[in-house]
Amino acid sequence: MTGLAVREGNVAAYKFTDLHFDKLRMLVAETTGISLSDHKRDLLYGRLTRRLRALGLQDFDQYIALLADRPDDELQNFINAVTTNLTSFFRENHHFEFLANELFPQLEKQGRARGMRIWSAGCSTGEEAYSIAMTVREYFADAGAMDIKILASDLDTSVVQTAANGIYDQSRIEGMPPERVKRWFQRGSGSNAGKVRVRRELAELITFRQLNLMQAWPMQSMFDVVFCRNVVIYFDKPTQSRLFNNFASVIKPGGHLIIGHSETLHKVCDRFELIGKTIYRKPD
Ligand SMILES: C[S@@+](CC[C@H](N)C(=O)[O-])C[C@H]1O[C@@H](n2cnc3c(N)ncnc32)[C@H](O)[C@@H]1O
C-alpha cells in the first residue's frame, strides 16, 4: 500500500505513507510494547488524525516532528490515542469465582489473607479493579480492617483518571445482579442521571496509578495475585516473556498470575504452573 491520502467522507484527509506508518508503529512499540501489524494501519491512521486535527497540524510529517521535538507535550496523548481500552465489570467471571471460591478461603485458612496485595496491571477504566474490590468485600466482612490493598495501574492517563473517578454510565452495570448493584453503586440524579458511582468502601481499597509496564516498577511490596488480562495480546513474544518474568519477580511464592482468555504463558515463561483456565501459580 502506498501513501496517498485516505478518504474520509467530507472530512479533510491526510497523506499517510508507509514511512509514516513504520515510524509511528516503531514509536508505539518502543513506548508501550504494543506491536502493530500491517492490518492495523487504518486503525492507527484513524486514531491519530484526531490528534492532528486537535493540534491544527497540516500533515503527518509535522506530527512526527512534534513527537520527536516536544515529547513532553505530545507523547502521552499519542500513547492514550493508540491504546485499546475495552473492559467490563466481572469480565471473564471465572477469575472472580476463583478468588471467592478457592483463593480467599485458602489464604484465610493459612492466615495469609490479612495484608493481601493484589495488582490489576493494565486496569483500563477500572472495572477490573472494582470487580476485585467487590469480590474482596463480599468475601471478607471486615476487609476494611485487614490491610488489604489493590493497586490498579495503566499507562494511559485518561483511563486511569476515569478509573479513579469511579463514575460510569448505568449501561455498564446492566446484567449485574440487583443486590450487587444496590450494595456497591449509588445512582446519580440531576445532571448525573443515567450514571452510577462506585461506593467509597470499594474505592478506599484501591490505589490508582499511571504506570508503564515496559518501564521500571516503583513498587516495594510483593503481590499475592496479579491480574494482567488482555494487555499482552498485542505484545510480541519476547516482550511478553520479559513482562511475565518480571511479574514472577514481584509475585510471592505460592502467589498467582491471571491472564486474559486469548493469552498463554506456554513457551513464553516457565516460572509459573497452570492451575486453571488462564490462572497460573508461582511455585513455593
Ligand atoms: C483491553 S484493556 C484490558 C483491561 C482489563 N485488564 C480487562 O481485561 O478488562 C488493555 C489495557 O492495557 C493497557 N496497556 C497496554 N500496554 C500497556 C503498558 N505497556 N503498560 C501498562 N498498560 C498497558 C492499555 O492502556 C489498556 O487500558
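The centres of domain 1 and domain 2, taken over C-alpha atoms, are separated by 29 Å. The model under discussion is predicted. In the protein chain, the domain assignment places domain 1 at residues 18-82 and domain 2 at residues 94-281.

**Extent of the interface**

The size of an interface is often expressed as the accessible area lost when the parts come together. Between domain 1 and domain 2, the buried area is about 790 Å², and carbon and sulfur atoms give 51% of that area. Within the area that domain 1 buries against domain 2, Gly33, Gln76 and Asn80 supply 43%, more than any other three residues. In terms of contacts, nine residues of domain 1 meet eleven residues of domain 2.

**Interactions across the interface**

| Item | Value |
|---|---|
| Salt bridges between domain 1 and domain 2 | zero salt bridges |
| Polar contacts between domain 1 and domain 2 (both residues at pLDDT 80 or more) | four residue pairs |

**The side of domain 1 that touches domain 2**

Two elements, α1 (18-32) and α4 (71-82), each give two or more residues to the side of domain 1 that touches domain 2. Of these, α4 provides the largest share, with three residues. By residue class, this side of domain 1 comprises six polar residues, two nonpolar residues and one charged residue.

Taken together, the interface of domain 1 and domain 2 has four residue pairs in polar contact (both at pLDDT 80 or more) and zero salt bridges, while the side of domain 1 that touches domain 2 includes one charged residue.

Terms used
Residues numbered from 1 in each chain as written. Predicted model: local features only at pLDDT ≥ 70, side-chain atom pairs only at ≥ 80, totals over all residues. Heavy atoms only, no water. Domains from an automatic or database assignment. Contact = heavy atoms within 4.5 Å. Buried area = accessible area lost by both parts, 1.4 Å probe. Salt bridge = Lys/Arg side-chain N within 4 Å of Asp/Glu carboxyl O. Polar contact = N/O pair within 3.5 Å; in protein donor to acceptor, adjacent residues only side chain to side chain. Helix = DSSP H or I, 4+ residues; strand = E, 2+ residues; numbered from the N terminus. Nonpolar A, V, L, I, M, F, W, Y, C, P; charged D, E, K, R; others polar.
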